[in-house]
Amino acid sequence: MKIRKVPLRVCIGCQEQKSKRELVRIVRTPEGNIELDPTGKKAGRGTYICPNRHCLDAAVKGKRIERSLKHAISPTIVGELAKQLPGEDSDV
Ligand SMILES: [Zn+2]
């Protein structure tokens, strides 16, 4: 009788442990790009974050994305990631 465990990941924003499904993956591709990986299947070094601006902000401020991916994150990249995350302040 095996219970299948849901894999847990820590959000780099709020640093809460959540199931992989609740989080979205940010990946550093072999080409050195930082992108969101909604499928979770892209090659590269990845880290997980809640799909909201609040956690993205927290992760950026704490420089946790950079540390986790060992790659500098420019404001342009942050903007690109933010665009793909639902946020209270998005004026779509
Ligand atoms: Zn979070």
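Arginine 25 is buried in this predicted model, because its relative accessibility is 9% and the cut-off for buried is under 20%. What does a charged side chain do in there? The side chain of arginine 25 meets that of aspartate 37 in a salt bridge, with N and O 2.7 Å apart. Arginine 25 sits in strand E3 (residues 24-28) and aspartate 37 in strand E4 (residues 34-37), so the bridge ties together parts that are 12 residues apart in sequence. Aspartate 37 is buried too, at a relative accessible area of 0%. As a bit of background, side chains of opposite charge can pair when their charged atoms come close.

How many salt bridges are there? The count comes to three. Another one joins lysine 42 to glutamate 35, whose closest N and O atoms are 2.8 Å apart. Here lysine 42 is partly exposed, at 32% relative accessible area, and glutamate 35 is partly exposed as well, at 27%. Then there is the bridge between glutamate 80 and lysine 83, with 3.0 Å between the closest N and O atoms. Both of these residues belong to helix H3 (residues 75-84), where they lie three residues apart, or about one turn of the helix. Glutamate 80 is partly exposed at 39%, while lysine 83 is exposed at 61%.

Now for the metal. Which residues hold the zinc ion? Cys11, Cys14, Cys50 and Cys55 coordinate it, each through its SG atom, at 2.2 to 2.3 Å. The angles among the four donor atoms run from 101 to 114°, and the site is tetrahedral. For comparison, the ideal angle for four tetrahedral donors is 109.5 degrees. Along the sequence, the donors follow the spacing C-x2-C-x35-C-x4-C.

Last stop: the largest pocket, which has a volume of about 170 Å³. Arg4, Lys5, Val6, Pro7, Ser19, Lys20 and Arg21 line it. Sorted by class, that lining has four charged residues, two nonpolar and one polar.

Note on methods
Residues numbered from 1 in each chain as written. Predicted model: local features only at pLDDT ≥ 70, side-chain atom pairs only at ≥ 80, totals over all residues. Heavy atoms only, no water. Donors = N, O, S within 2.8 Å, 3.2 Å for Na, K, Ca; no water. Tetrahedral: all angles 85-135°; square planar, octahedral: opposite > 155°, others 65-115°. 1 Å grid on protein atoms, 1.4 Å probe; cavity = no way out; pocket = protein on both sides within 12 Å on 5 of 7 lines; lining within 4 Å. Points joined across faces, edges and corners; volume = space filled by probe spheres on them. Nonpolar A, V, L, I, M, F, W, Y, C, P; charged D, E, K, R; others polar. Salt bridge = Lys/Arg side-chain N within 4 Å of Asp/Glu carboxyl O. Helix = DSSP H or I, 4+ residues; strand = E, 2+ residues; numbered from the N terminus. Buried < 20%, exposed > 50% of the residue type's maximum accessible area, 1.4 Å probe, protein only.
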